[in-house]
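Subject: Structure for you to look at

Hello,

I am handing over the structure below, followed by notes on what was found in it. Please read them with the model open.

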Amino acid sequence: MSRRQVLGGLLAVLLLGPVGCGIPANTEVRVEGPGPAAEAGASSGGRVEPPTRTASDSPEEFVLNFLSAAAGEPDGSYDRVRQFVDSADRARLKEKQGSAVSLTVVRLIAPPRIVTSPDQSRVTLRVQQVGQLRADGVLEPPEVTATSYEFGLRPTVQDSGIETDWYVVDPPAVLLLSVEALERYYSPRPVYFWSSDRSRLVPDERYLPLAVPRDRLVSEVVRWLTGGPSDWLRKGVSLLPDRTELINNATRTDGRWEVNLNMSGADRTQLDQLGTQLAWSLPELEGPVDLKINNQSRLTIEDVAQRRRAFPAHSVDDAPQRFCVYEGAVHSLAYPGEPSGPVPVAAPANTRVVAAGLSRHERGILAALVVTSENSRQHLSVGVGAEPVTTFTRSRGTGFGTMGRPVWLRSADPPSGLVVADKRLFRFDAQARLSPVPLGVAGDVTAVAASPDGHRLAVIVNGGLYVLALNHDGGVLDAGSPRRLFTSLTNLSAVDWYGENSLVVGGSAGQPAIYEISVDGARESALRDSTGAAVTHLSAYPANPAAQFSGKVMYEANSVAYRGVPFERIQREQVQEAAGVRAGNPTAPFFLY
């Protein structure tokens, strides 16, 4: 048995052991996170370290292991990579310490090209830059633009002439980490910050090395929270008071966790909200947690699991209804085992409809319909009220040539939403008043989607995928700076939120396809590798990891609607109340929740 086979078997055993991180089973995340933290000072167990230099049986495997060597705890990244590098060339890697450690995450767009020779082989890597993995677990946008890297391999040869292992010569000047290594040696896990209006929790994706001992898990997450959110998210969330920091490490004694902070000016409300942040950012925790400020006990949560139940972080927890547009009107779709009911829009308003967006709200139903006028121009018709909504207001002006599917911001008060019209993004309110939304990136806008929490957007601008944070305190919409996501998909045409930290995107992977993509662009997988034609309409019901249900998706391509996963065509037989309506194709499918 080769060393590679042994490593693969050991890795499989290790990955099956720890408790999962709550990601739905159908997403593309394949590495489970660490389980419950151990008692202070106990053996960590279950740690997953990257491969060593001698753990490969071929130059190809050695190169892939080299792209994994930086994984793990940041303080040891340079040492692990230097073990792969010839001693004469190790000085090329200028070591950084602490928070300055940053790994260059790349996606290989072709297998490594290795040109062999007796003394030294040459390796060429063709890559897509994905981002910079910081020591605090944040994957920031790329800092470099290199599309390829080259370096040499010097073999170590036995007396018999057999190559046993290799060294890198002339190495890249950065610490490279492949997206495959990111998936294998890190656990993606959200930490939660309160929205800018402190009405709900907003998740921020982080990566925890699987090499971190379990007894440090609580301390690591607390440091993430005190360090603040990812840069792109800051506009939409609230920070802890300035200079808040963890004093020593969190400890556990007799089943009770103690977290000691330096947190000036903290009142009971701030501490209570911090307790809720901790409860959701550490879903493994159960039992009591004692929050101390400068060694003085200030708040005790007797049951962290009960805190999560009392203050749900996920606003999406009810079963969705499926709808579509059929011959100019919104119709309900019926499937066995799924809720179905009447259209919550009164019949007089439900005419000449091209697309629609509906949302449940404390006021009843939020309804936004894209309708055509007699001159074929498109307008937005908006109504708010008990179902069926009877009173609608149409947007003013001469209308637009094209409008996309309107989406509601689930946390906005008063109610408001977003719609793309003639390749520009507009905000609309309950009176169908439209106002342009400046995005901070120039170009044609072709799609918009709002996250389940309502404080994050995904947009497609000039064919590029972006995410940005929203602050809509007091009914005023303020968009943060867009962050570009780098994916292997091209010709992007549609997007929606598939989970709290994942998107579903229509584009091309050599042929039209639908992918699930993480909110930082690092992780991607095909939901449907061939749609036959470009996706022109896409709607998703996002997964809720706390309620253990998976995401759902529906889309339209070439004027034909589909549901998944698995994917199947939406038939006329699923369209409710279609009797007396001329035969046609269901289009523009969407969810109501």
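Strand E21 and strand E22 (residues 416-421) pair in the antiparallel sense over two bridges; two strands count as paired if DSSP finds at least two bridges between them. Within this pair, Trp408 stands opposite Gly417 in E22. Strands and helices here are DSSP runs numbered from the N terminus, with at least two residues (E) for a strand and at least four (H or I) for a helix.

The model is predicted, so local features need pLDDT of at least 70 and side-chain atom pairs count only at pLDDT 80 or more, while totals for chains, interfaces and linings use all residues. Residues are numbered from 1 along each chain as its sequence is written, and side-chain values use heavy atoms, with hydrogens and water left out.

E21 and E22 belong to an open sheet of four strands in the order E21-E22-E23-E24, with antiparallel pairing. Strand E21 (407-408) and strand E24 (434-436) are at the edges and have a single partner strand each, so one side of each has no neighbour in the sheet. Strands of a sheet pair through backbone hydrogen bonds, either parallel or antiparallel.

Some backbone details are worth a look. Most residues other than glycine have a negative phi, and most peptide bonds are trans. The peptide bond from Glu387 to Pro388 is cis, with omega near -5 degrees, and Pro388 lies in the loop between strand E19 (378-385) and strand E20 (393-394). Gly564 and Val565 are also joined by a cis peptide bond, with omega about 5 degrees; Val565 is in the loop between strand E36 (560-564) and strand E37 (568-569).

Arg352 has a positive phi, near 55 degrees, and sits in the loop between strand E16 (329-332) and strand E17 (353-361). Arg352 counts as partly exposed, at 42% relative accessibility (buried means under 20% relative accessible area, exposed over 50%, partly exposed in between, with a 1.4 Å probe and protein chains only). Asn462 has a phi near 50 degrees, also positive, and lies in the loop between strand E26 (456-461) and strand E27 (464-471). Asn462 is exposed, with a relative accessible area of 56%.

The C-alpha atoms fill a box of roughly 85 × 65 × 45 Å along the principal axes. Of the 593 residues, 56% count as buried.

Regards
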